[in-house]
Amino acid sequence: MRRMLVVALLALATRPAAAAQADAWWGHVTALADDSMRGRETGSPQHRKAAEYVAAAFQRAGLEPAGPDGWFQPVRFKVRRIAEPRSSVALVRGGRPEALGFGRDATINLRSSRAGKVDAPIVFIGYGVRSPEHGHDDLAGLDLEGKVAVLLSGAAPAGIPGPALAAGRAAGGEAIERGGAVGVIAVASPHADIPWERYAPSRLHPQMRLASDTSRHAGGTTVTVVLNPAVAERLFAGSPHTYASIQSLADSGAPLPHFELPVRLRATVAVDESQAVSDNVVGLLRGRDSLLRNEYVALTAHLDHLGVGQPVAGDSTFNGAMDNASGIATLIETAATLGGRSPRPRRSVLFVAVTGEEKGLLGSDYFAGHPIMPATGVLVADLNTDMFLPINPLRRLLVNGLEESDLADDVRRAAARAGIEVITDPEPERNAFVRSDQFSFIRRGIPALSLKVGFALGSPEHERVLRWRQERYHGVEDEVTQPVDRKAAEDFNRVYPEVVTEVANRPTRPAWYPTSAFRPEAGGTR
Ligand SMILES: [Zn+2]
């Protein structure tokens, strides 16, 4: 009773402060998602302007600049763009080429394509997943030398859990390459988060790699074509199966047949190359404990987004209000909360606004490989927030990685104090744990979590999330005019610093659970 009264009084006393913080949070979102920021494209002057905004906010919060260049850690990139006027894709049937139109029928995925020419027979290989430990291997016994492999992307065989599926796709991709395939045709899923009409224009965005990336290939097989599912029947015409029958098998996760298709792929890929530099912004809150301060907790959120593209209904700016101005705003407000609080956390906390996330988690990859700490320092955890989606009330905190490490205990303690339930990802098949910046830490053996506003499967809240993905995700519609649940954002900004504090103050170093497939001893995921 008495405790309840105290809690109620505390709630009253902190309510105006929390509301003021929510206003400050929204102020950062509107500043960073403003049209003048031109979508914060990695390497653009506007991204630098956004980075300076974050640096100034870190300074006001009382952080120390912790980059090699003041607040900044410059990251160098190699940039590639598809030169479509000099490129072409066609299906060749009986010697007669049927051209595929860029954007309408197909796109070239530059991330896994080298420049060059291909004219080769085509084999359908199902899901393209190699996971023998789960009784599934689409690559077993296939001869792909000099051929083009066709697979259904975004479809998965039933019965393989999320992390194993991600590993199985990667293993399948490697096997395709090692098997000597000269190309891949990935048939896009008719059920994809982003419908084809919104996905297709993204092919014109520049593709980037770290300049320091010396991995052997400049992008896998010679050509990776992504095919619009609406024209996929053209690929299967004259074969023993229709695309419709194959896709309906895939919808139930059934095993898929493998067979040669009676067409060839003829493609030319031309690429324009250049270079860019873009900054991570790094601020430090030095820990108070003389021993634990050498252990660093990284808080990451990506500042970059997709820049500008072809106009959609007169709008060409990818403002990225939720993706991820919202997460950066939370990073700033968390800095303000923890920077202004006494005592400080026991461990040191690095606030990192990373660049290049939309290009493949590149800024976080560079930071995790060059974490700019004293020689005695060690990075012990990463907490990431990317598009936490305050479009529903924060009754549940969705945690990616809850089953993987004992960081779960910290987040549960903090959430319990705030009266918020903690849930695991209700859509594990989306593999969210490996799809944002936390993965750059995970694959180096560092325990990590990513936090979002949660929802129950099939609930009206889930419906709202699904609609948001269809209508706004990676679209010009992700802007500040969209409906946002300001109370949910306020609650998230209140609980997030508490999670950070729990992690920074815990007595033991964060550890993977022995059962985790991500634990370094288990071989990791790459
Ligand atoms: Zn994104």
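In this predicted model, Val297 stands opposite Val349, a residue of strand 18. A second topic is the crossing of helix 7 and helix 12.

**Pairing of strand 18**

- Strand 15, made of residues 295–302, runs parallel to strand 18, and the two are joined over seven bridges.
- Strand 14, residues 271–285, pairs with strand 18 in the antiparallel sense, over five bridges.
- Val349 of strand 18 is the bridge partner of Leu285, and Val349 also has Val297 opposite it.

**Burial of strand 18**

- On one side of strand 18, the buried residues are Ser348, Leu350, Val352 and Val354.

**Crossing of helix 7 and helix 12**

- Helix 7 spans residues 321–339 and helix 12 spans residues 486–505; their axes come within 9 Å and cross at roughly 60°.
- This crossing of helix 7 and helix 12 is right-handed.
- Helix 7 contributes Thr330, Thr334, Thr337 and Leu338 to the contact.
- Helix 12 contributes Phe492, Asn493, Tyr496, Pro497, Val500 and Thr501.
- Of the residues in the contact between helix 7 and helix 12, five are nonpolar, five are polar and none is charged.

Terms used:
Residues numbered from 1 in each chain as written. Predicted model: local features only at pLDDT ≥ 70, side-chain atom pairs only at ≥ 80, totals over all residues. Heavy atoms only, no water. Buried < 20%, exposed > 50% of the residue type's maximum accessible area, 1.4 Å probe, protein only. Helix = DSSP H or I, 4+ residues; strand = E, 2+ residues; numbered from the N terminus. Pairing = 2+ DSSP bridges. Axes fitted to C-alpha atoms, helices over the stretch in contact; angles between N-to-C directions. Left-handed = near helix turned anticlockwise from the far one by under 90°. Contact = heavy atoms within 4.5 Å. Nonpolar A, V, L, I, M, F, W, Y, C, P; charged D, E, K, R; others polar.
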